[in-house]
Amino acid sequence: MIRNLNIILIFTSVLMLAGVYTLKFAIENTANERAALIAQIDSQQGSLSLLKADEAVLSQPGHIAPIVERHAMALDIAPVRQEQFGSFADLPMRPAKPNSAAMDSLFTALEAGIDPIDAILELEGIE
Amino acid sequence: MAITADGHAPTIALDGARKVRGNLTQARIRWMILALVLGFGLVGGRLVQLGLVETDSAIEGQARDVITATRPPILDRNGLEMAVDIRVPSLFAEPRRIIDVQEAVRKLRTVLPDLSADWLRERLTGEQGFVWVQRELSPAIQERVMRLGIPGIDFITESKRFYPGMNEASHILGSTNIDNRGIAGIERHMDGEDIALLQDLGLARGNALTPVDLSVDMRVQHVMHEQLVDALQRYSAIAAAGVMLDIHTGEVIALASLPDFDPNQPATALVKDSFNRITAGIFEPGSIFKTVTMAGALDSGAVRITDSFDARFGIRFGRYTIDDFHGKHRILSLPEVYKYSSNIGTIRVMQAMGKDNFRAFLTRIGLDTRVPFELPEMRLPTVPKELSEVGAATASFGHGLSVSPLHMVTAYAAFVNGGNYIAPTLYKRDLATAQAQYRRVISPQASDEVRYLMRLNALEGSGSQMNKAALGYRVGGKTGTAEKVVDGRYSSSKVTNFFGSAFPLDNPRYAMIIMVDEPKAENAQQGTTAGWNAGTVTGRIVQRVAPMLGVAPDFAEILDENLVPPAIR
């Protein structure tokens, strides 16, 4: 009776021992994975911080201004001057009535093959 | 067994085999228990001993996580980074684990030849658990050191502060030391506030922190810095500085002082003369102080905008006579006194107000106390407690007292925003919060009149050079050319020039002070007075930044006419 019980107990303890060891190794494995992941996150955060710093440098006005100046000639750009600003108030109001006489003469001219825009373009020197 | 003497047959008592075995087993069990108790006692004792050992995770006296502590990023008002944390590897050694010091020194010096061999040998010898070898290295060097495979040499990732704007906002940001603690500027102020507390509580370690929003606009800051650098060179000046405020909220939009330093290399901040002239420099403000006198006198009601003052003769105080720089020597109306920057007229205005009232007004606009401001680099102004007759006379045109440019810009902001004093700040502040802190210093009517005077001076007076550059942006301002004291006398060749301005004056939003120290004339046709340098710098800055700040040019003359007070229209 007691002998059988002992045998059962021995087998159970061996099984449990095996179980505990498996668990131990599994946990060690997970811990290793975790450590590796933490290290990876850490290094990625490190590179991310460098990238963010790079981005911040590249978007600084102090970084962009010299580039703009370097290409000012090629792109034909310059700081805005006061005269370049316009406002809605500066736009002429629409005439009360369409100028039908002027429209008629325009259409007759177009039909005759003369486009007034050509004369303006020629005057401005644009082909 | 006992043998007795009286001949009785001795009683032999023999224990049965079973009993003997039983006794033996009991003895064995006792020994076993003793052995077990001893064994467990040993284990328990060792556990207690191990529990009592304090693990030393400190790095040269500092907790390890303080080293890797992060600081919150600092953003400008548009969300552009002004300061960020980057992770950098730092090289450390554990001397007690180094086997061959000589070899370690030789190998390390192949990668880091700058280290002295003797210093390194001394550093690596001993029983310490941790010593720094070199901090804040590049990842490439880390890779090469790891390849050497020296035992007892390793890296730890540290947070390092990086300022992408380089020099541009150096005096605002300040800098941090190698342990990532703020040592100057807003960085130091942040440490004094909540960050230090958070770090002490262990909350601000390694976590992403909420960014700090500053009121500064990096675009405007860039333009101001660029123009000041240009001014320094153009006028061969020894220093230049500028500050711009939002007059309604007191937010600092830009603040620069040259010569400056690179916050990425904190050592450069120790160079002489690179102090923050806006907050930590105090100067005799010169004629820009006349705006203060005018504002105070107009507010007190002692003078009106229509009054006239006798500026025919200099004013005598004992042996001294105070006269005008470009004297008209006639009766001047109050706007003319301001326009021609008449010392005599300004003294008369001050005298009409009374010197004690004038002194009290200086206190009211905070010119004799520290400006409440975040930067730790501040200096107290020197304003005499009591003004004598002659002291009050010179003070009325900005001599005999010294204040910082920050004092002046705060006063100018109060004069043009309707008369409310608002303490400047480097943090974002909305209008409602600011309005709750308003303190009335002059009446709205006096504020309107000061606006008119400032605009008039730009149109017809000493600000015309400035106005030429910033045409259409309705800038108004006052020049100030303060002679420096050289060997106890005022020198006319060494001057500190100021220009105090505000724009757009029909609906003012920004106030600005520009300072150029000891300028020379740009060319023979120009002068060294403030209108030529500080004034034109102001004009060029406004011309560049006004569109960024949403101020469109308007050439309508009606805007200037509307500024004229009804009394003299």
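These exercises work through a predicted model, from its chains down to single residues. Local features need pLDDT of at least 70, and side-chain atom pairs count only at pLDDT 80 or more, while totals for chains, interfaces and linings use all residues. Residues are numbered from 1 along each chain as its sequence is written, and chains are lettered from A in the order in which they are written.

**Exercise 1. Describe the side of chain A that touches chain B.**

Step 1. Count the residues. 18 residues of chain A are in contact with 21 residues of chain B. Contact means C-beta atoms, placed from the backbone, within 7 Å.

Step 2. Find the elements. α1 (2–58) and α2 (61–70) of chain A each give two or more residues to this side. Helices (H or I, at least four residues) and strands (E, at least two) are DSSP runs, numbered from the N terminus. α1(A) gives the most, with nine residues.

Step 3. Sort by class. This side of chain A has nine nonpolar, seven polar and two charged residues. Ala, Val, Leu, Ile, Met, Phe, Trp, Tyr, Cys and Pro count as nonpolar, Asp, Glu, Lys and Arg as charged, and the others, Gly among them, as polar.

**Exercise 2. Compare the radius of gyration of chain B with that of a compact globule.**

Step 1. Take the globule value. The rule is 2.2 Å times the number of residues to the power 0.38, and the radius is taken over C-alpha atoms.

Step 2. Along the principal axes, the C-alpha atoms of chain B fill roughly 160 × 60 × 50 Å.

**Exercise 3. Locate the domains of chain B and describe their contact.**

Step 1. Domain 1 of chain B covers 66–213 and domain 2 covers 220–568. These bounds come from an automatic or database domain assignment.

Step 2. The C-alpha centres of the two domains of chain B lie 43 Å apart.

Step 3. Count the contact. Domain 1 of chain B gives 21 residues, and domain 2 of chain B gives 21 residues. On the domain 1 side, α6 (170–173), β6 (182–184) and α7 (185–200) of chain B each supply at least two. That side has nine nonpolar, eight polar and four charged residues.

**Exercise 4. Characterise the packing of α9(B) and α11(B).**

Step 1. Get the geometry. The axes of α9 (residues 290–300) and α11 (residues 343–353) of chain B come within 9 Å and cross at roughly 35°. Axes are lines fitted to C-alpha atoms over the stretch in contact, with angles from 0 to 180 degrees between N-to-C directions.

Step 2. List the residues. α9(B) contributes K290(B), T293(B), M294(B), G296(B), A297(B) and S300(B). α11(B) contributes T346(B), V349(B), M350(B), A352(B) and M353(B).

Step 3. Sort them. The contact has six nonpolar, four polar and one charged residue.

**Exercise 5. Find the backbone exceptions in the loops of chain B.**

Step 1. Look for cis bonds. L258(B) and P259(B) are joined by one, with omega about -5°. P259(B) sits in the loop between β9 (252–258) and α9 of chain B. The bond from F503(B) to P504(B) is also cis, with omega near -20°.

Step 2. M166(B) has phi near 50° and lies in the loop between β4 (153–162) and α6 of chain B. E518(B) has phi near 50° and lies in the loop between β18 and α18 (531–548) of chain B.

Step 3. M166(B) is partly exposed, with 17 other C-beta atoms within 10 Å. Buried needs 20 or more, exposed 12 or fewer, and partly exposed falls in between.

Notes. Two residues are in contact if their C-beta atoms, placed from the backbone, lie within 7 Å.
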